[in-house]
Amino acid sequence: MLPWKRVLRPLAALLLTAAVAVVPAAATAQAADTAVTSSSGWNDYSCKPSAAHPRPVVLVHGTFANSVDNWPALAPYLKDRGYCVYSLDYGQLPGVPFFHGLGPVDKSAEQLSAFVDKVLAATGAAKADLVGHSQGGMMPRYYLKFLGGAAKVNALVGIAPSNHGTDLNGLTNLLPYFPGAADLLSENTPALADQIAGSALLTRLNAGGDTVPGVRYTVLATKYDEVVTPYRSQYLSGANVRNVLLQDLCPADLSEHAAIGLFDRIAFHEVANALDPAHATPTTCASVLG
């Protein structure tokens with residue numbers, strides 16, 4: 001094997017896990033947008049938002065995940081607290097089942113736009129709140145900035161979002177040394193290429209400021225993130241932004257990139273606070289026990 005291939009192989013493997021929620025039990029996770037999730041209480045299009053929680057919550061999965069396997073804990077958590085909760089599949093590639101969020105980010109934002117319209121029409125709500133993990137925390141910003149989403153969204157909560165891309169602890173800096181590697185990545189998994197720090201997509205998205213008026217932004221990060229690195233690249237700047245490092249709230253929290261979105265109760269408590277700031281309660285290591 002040529003020496004450069006020895007380096008490229010692990011680099012490619014890491015890139016193929018970038019901005020991703022771990023995909024547990026993928027063969028069963030994609031059972032259905034409606035059958036599995038509505039029986040668990042979310043994606044129920046008969047749900048009507050309450051006065052206490054007047055906006056539906058749309059969950060936006062990460063790279064390689066889907067509308068079911070990214071949310072086995074957070075969706076019921078929010079549903080149990082009285083929210084109408086919905087999740088979508090986006091970024092599908094032809095012939096690739098289960099593993100979504102791989103298509104071009106701008107096209108995925110178009111899918112999100114259509115889904116939010118569907119949810120608003122079903123619920124009668126004027127606006128929705130968005131909660132996304134990894135790519136799912138960054139991609140909605142394209143919808144907000146370029147596709148009219150700011151008029152339809154009250155808040156965006158990003159859990160370990162790839163807002164300014166990732167360098168995979170410096171490994172993406174090696175791509176220029178392997179002719180054709182970047183093109184191969186763009187052609188086969190566009191979303192991964194879009195999430196590399198300095199990509200054309202991210203340059204356009206972040207030009208002129210990270211935020212748009214009228215939307216509240218919350219970023220939840222963990223210092224143990226090994227996928228979206230450095231973790232501070234997840235933070236946003238601008239009005240109506242709150243950047244939260246979980247270890248500032250609970251030093252004992254050891255969650256990394258996947259765990260923060262899948263089952264971290266500190267993150268979930270902060271999601272609930274971000275969705276209903278008027279009734280927010282302090283998040284500590286002990287506050288998640290209730």
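These legends accompany several close-up views of a predicted model.

The model is predicted, so local features require pLDDT of at least 70 and side-chain atom pairs count only at pLDDT 80 or more, while totals for chains, interfaces and linings use all residues. Residues are numbered from 1 along each chain as its sequence is written, and side-chain values use heavy atoms, with hydrogens and water left out.

View 1. Helices (H or I, at least four residues) and strands (E, at least two) are DSSP runs numbered from the N terminus. Of the 290 residues, 54% are buried, meaning under 20% relative accessible area with a 1.4 Å probe, protein chains only.

**View 2. The 6 strands form an open sheet with parallel pairing, in the order 2-1-3-4-5-6.** Two strands pair if DSSP finds at least two bridges between them. Strand 2 (85-88) and strand 6 (241-245) are the edges, and because each has a single partner strand, one side of each is left without a neighbour in the sheet. From one strand to the next, the twist averages 15°.

**View 3. Strand 1 (residues 57-60) runs parallel to strand 3 (residues 128-133), the two being joined by 4 bridges.** Val-58 has Leu-130 in strand 3 as its bridge partner.

**View 4. Helix 5 (residues 105-123) lies across strand 1, strand 2 and strand 3.** Helix 5 runs at about 150° to strand 2, where axes are lines fitted to C-alpha atoms, for helices over the stretch in contact (heavy atoms within 4.5 Å), and angles run from 0 to 180 degrees between N-to-C directions. Helix 12 (residues 265-275) also packs on the sheet, touching strands that include strand 4 (153-159) and strand 5 (216-221), and its direction makes about 175° with that of strand 5.

How values were computed: Buried means under 20% relative accessible area, exposed over 50%, partly exposed in between (1.4 Å probe, protein chains only).
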